[in-house]
Amino acid sequence: MIKKFLLGLGLLLVLILLTVSIALIQPQLLRGLIGTSAQRFAGLEVEISDIQSHIKPLRFEISGLRISNPEWPRSELLSLGDITIALTESPFSHKAFWELSAQKLHVNVEQNDAGEINWISSKLKAEPEVPTPEEIDTGPLLPGDFNFNRIAISEVSLTWRNRRGDENTIYLPEVRGERIEAGNGDFYIGLDYLDQHVELNSAITLFDPQKGILGYDLSVHHQDIDIKSKGKLFLNPTLNGSTLSLDLDLRSASALSKLANTDIPKLPKTKLSTNIAVTPNYEFSDILLQLNDNKIKGKVTINSETTAINASIQSAALDIDSLLPPSADTTESKNTATGNTAPSISAEDNEAAIDWAWIEDLDVALKLNIEKLSAMGWQVNKLKSDVQIKSSIKATISAAQISELATQRDINDFSADISLEPLSKNTSGADVKLSLKAKQQGIEADATGKLNLNGVAGTELQVNAEANNSKDVWTLAQLPWQDAGKLVVKANINAGEDSYAVKGTSQLGEQSTELDLSFTPAATAEDIPSLNGTLSLHKIDLAFLSPPASEISADAVPQKKSSSKKLINDDTIPLDALKSINAKLQIKLENIDTGYNFINKATLKPTLQGGLLKLKNTTVNFEGGEAKVALTLDASKTIPELDMQLSVDAEDYGKLGLDKAAGINQGNGRIRLDADSKGSTPHQLAANMNAKLDIKITDLVAQGNALNLIGSDVLSETIDKLNPFSEKKTSTEIECIAVHFKGSNGKFISDDGIALETKQTKIIGTGNIDIGNEEFLLGVSPIARTGVGINVGAAASLVRLGGTFSKPKIVADPTGMFTSGLSTGAAIYTGGLSMLAQGLIKRAIYSGSACDGNIDEIPTVEELPEEILNPVAPPVDSQPQGAQQSEAQTQAATN
């Protein structure tokens, strides 16, 4: 046995001696040996231009090394310009004994369509794989020192070509490693890629080779970022015992985006520092993340066995808006925002399934504490949150105050609990089971059910909200409404594949609302979405919508508009919205107090189809009467068209709104309006209107001595002039008021169709109104009903009221439109009556009421008495005192 061992050892020494001798004496002989061996064992070709050897120091110089795979079209795998390997000490000593220098190293790696790599020849593929025995990993064993003095390689390039033919090249200007002293070394790598330069420097200390402890000091430099790290690494399988620090300074991402070959949005200036310890858990302590002026502190622990993550994050102030890149509205988004395209459901909208496998093995516990958080115009103070992710996502959130900066809206003492539990490992449609509870100073809300996280279809939610004091809700919504009692809202929300539905109720004190609506989005861009359902309102009192008088400030009182400004504006009415949806609704009203009147019952059934809005004959039962209305608005035409019929029959118009609007009580009669028009602005609708209006109402009681329908000082002054026959009273009993107008294209004429009768007076009028130009001219005359017959002088007291809607006034009559010689009372006796004046007098001397007959009738006598048509003029100095008085009144009214 000993002889065999010695014989084998002797042969080995002979072979080593023979190889060294050949290398030293005839190194060129190695060229053929290397090339033949590479071809035989690997199927690769190795070519060497020259090999030289030197004795002092012992070194080999190789130039023109080339390795290729002849089976590939681009056969070259590696080329090396020059390499020198020198032995500076004996390999059997404990000192560093060798050095290496090389230049112009180029490596090609390529993949073909089959996914094969060019470095694997057919001979290597044919070699059977020999299983390697399993080894027990006892951790790395470090040498006591580096066995080289210096390694330096310059001009290194690595080229990768994938199966698609895409080629990338990494250029390393210099790769260097140098032993400084026993157990200490420095390493450097320079890298150029996509016009970017990166440098890596590292100092390595073999701290405790026996225990596998390595000390290092690493730095990476790029024009956009610097990374530094140093510490001790325990090179065991779990790195247990390692401690290190990490510092990162990111100044920009403009150059990094080129390095990553992708677009990176503008990033905030970022600095990160942390200490890392492996205990065996991975502990990140003293974390400090600085984003521009925002600082975030925290710590993170990762359990090495279960990978559970426990983290806490704190910040004194965090401004999210300052961290986000500025938003840029694209042309497409602008078109979407301003266009009329209806939402649609198409194949492109199909949502992707969610794979929840990631959450099965995830265990995260996060505590968040931010003193002040600012984002998207909101500010949150004292934000705290606990988040748990373990097969589900649970979070508790609280904030002392949430403020909307633009409106100064405050949400105080907010808290919420939320739970999201995946319905299965892979979900589409409904994804999670949701449980949400939220509170905010007097308001509570909760939602439970199924929720689609990346779409709508499949969502099924039960939503409840409650506020013991509804004023808390109005305050949150910044509405100046009064408390109306407890508010309770309950709703079921369901979203299917092609429709959405909501059904619910709300209770506000004794007021209640029920709704049942369904919405079907458009299936294609050419279709129109539709809305169908019912809405019921019961015992609604709108008084709470008005703020208490004590809260109305002087600034809230409407200011008087300029008298030169038009009342009917010419702004386009957005009627195109009527073409973006179809609707069929039923709206039920019961016991509705509007503040002006009380609606006992009404059922409205509006329909909207292709831009055509219709409200068929609808009856609204008021306390004191009823109204019937029919409406058609066609917005589908180039110029929208409107058609409306309104009729009101009441035994008490005061209860219909005249009492609160104008201080007029009682009143029995009828109103009829039939109108049509076309246009896209209020002014166009007014200027193109064709209409007929008839009003006859009896037994009204007006507070004060005059009507106050519009609150005009000029009107009050005019009424005083028209009613000189009665003393000032606290109320005026109006026996009849009749109004008749008819016209087209915005111009309406009343042919002796205006009458107002009290016990003492008849006021008869005629004239025209141009609502397109907002102008009018009315002639009215008061007639005393006291005594026998009529006061003829008073009949000539014609008052002209005209001007514009915004500035009515008593006007002159330069054209003689009304009077034709009736400028004074004496004109009756000198110039005769015009046809207009005759019409007024015929109505005035009618013994009955202007409210007699059908609603569209204007009662009048057929002929005037002879003494009025052809009166005998008395001497001027013997005119009756009453006539002189009447003439004076006429002059006063005219002036």
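**Exercise 1.** In this predicted model, locate Lys 588 among the secondary-structure elements and classify its accessibility.

*Solution.* 
Step 1. Lys 588 is found in strand β30.
Step 2. The relative accessibility of Lys 588 is 41%. Partly exposed covers the range between the buried limit, under 20%, and the exposed limit, over 50%.
Step 3. Lys 588 therefore counts as partly exposed.

**Exercise 2.** Which residues gather with Lys 588 in a patch of positive charge, and which strands each supply at least two residues of the patch?

*Solution.* 
Step 1. On the surface, Lys 588 is grouped with Lys 584, Lys 601, Lys 605, Lys 614 and Lys 616 in a patch of positive charge.
Step 2. At least two residues of the patch come from each of β30 (582-593) and β33 (612-622).

**Exercise 3.** Search the whole structure for disulfides and describe the geometry of the link between Cys 736 and Cys 851.

*Solution.* 
Step 1. The search finds 1 disulfide.
Step 2. It is formed by Cys 736 and Cys 851, whose sulfur atoms are 2.0 Å apart.
Step 3. The link is right-handed, with 90° about the S-S bond.

**Exercise 4.** Which parts does the pair tie together, and are Cys 736 and Cys 851 buried or exposed?

*Solution.* 
Step 1. Cys 736 belongs to strand β38 (residues 731-744), while Cys 851 sits in the loop between α13 (835-844) and α14 (866-869).
Step 2. The pair therefore ties together parts that are 115 residues apart in sequence.
Step 3. Cys 736 has 0% relative accessibility and counts as buried. Cys 851 is also buried, its relative accessible area being 12%.

Notes:
Residues numbered from 1 in each chain as written. Predicted model: local features only at pLDDT ≥ 70, side-chain atom pairs only at ≥ 80, totals over all residues. Heavy atoms only, no water. Patch = residues over 30% accessible without salt bridge, like charges linked within 9 Å, V, L, I, M, F, W, Y side chains within 5 Å. Areas by Shrake-Rupley, 256 points an atom, 1.4 Å probe, with all protein chains shown as cover. Salt bridge = Lys/Arg side-chain N within 4 Å of Asp/Glu carboxyl O. Lys, Arg positive; Asp, Glu negative; His and termini not counted. Charge placed at Lys NZ, Arg CZ, Asp CG, Glu CD. Helix = DSSP H or I, 4+ residues; strand = E, 2+ residues; numbered from the N terminus. Buried < 20%, exposed > 50% of the residue type's maximum accessible area, 1.4 Å probe, protein only. Disulfide = S-S within 2.5 Å.
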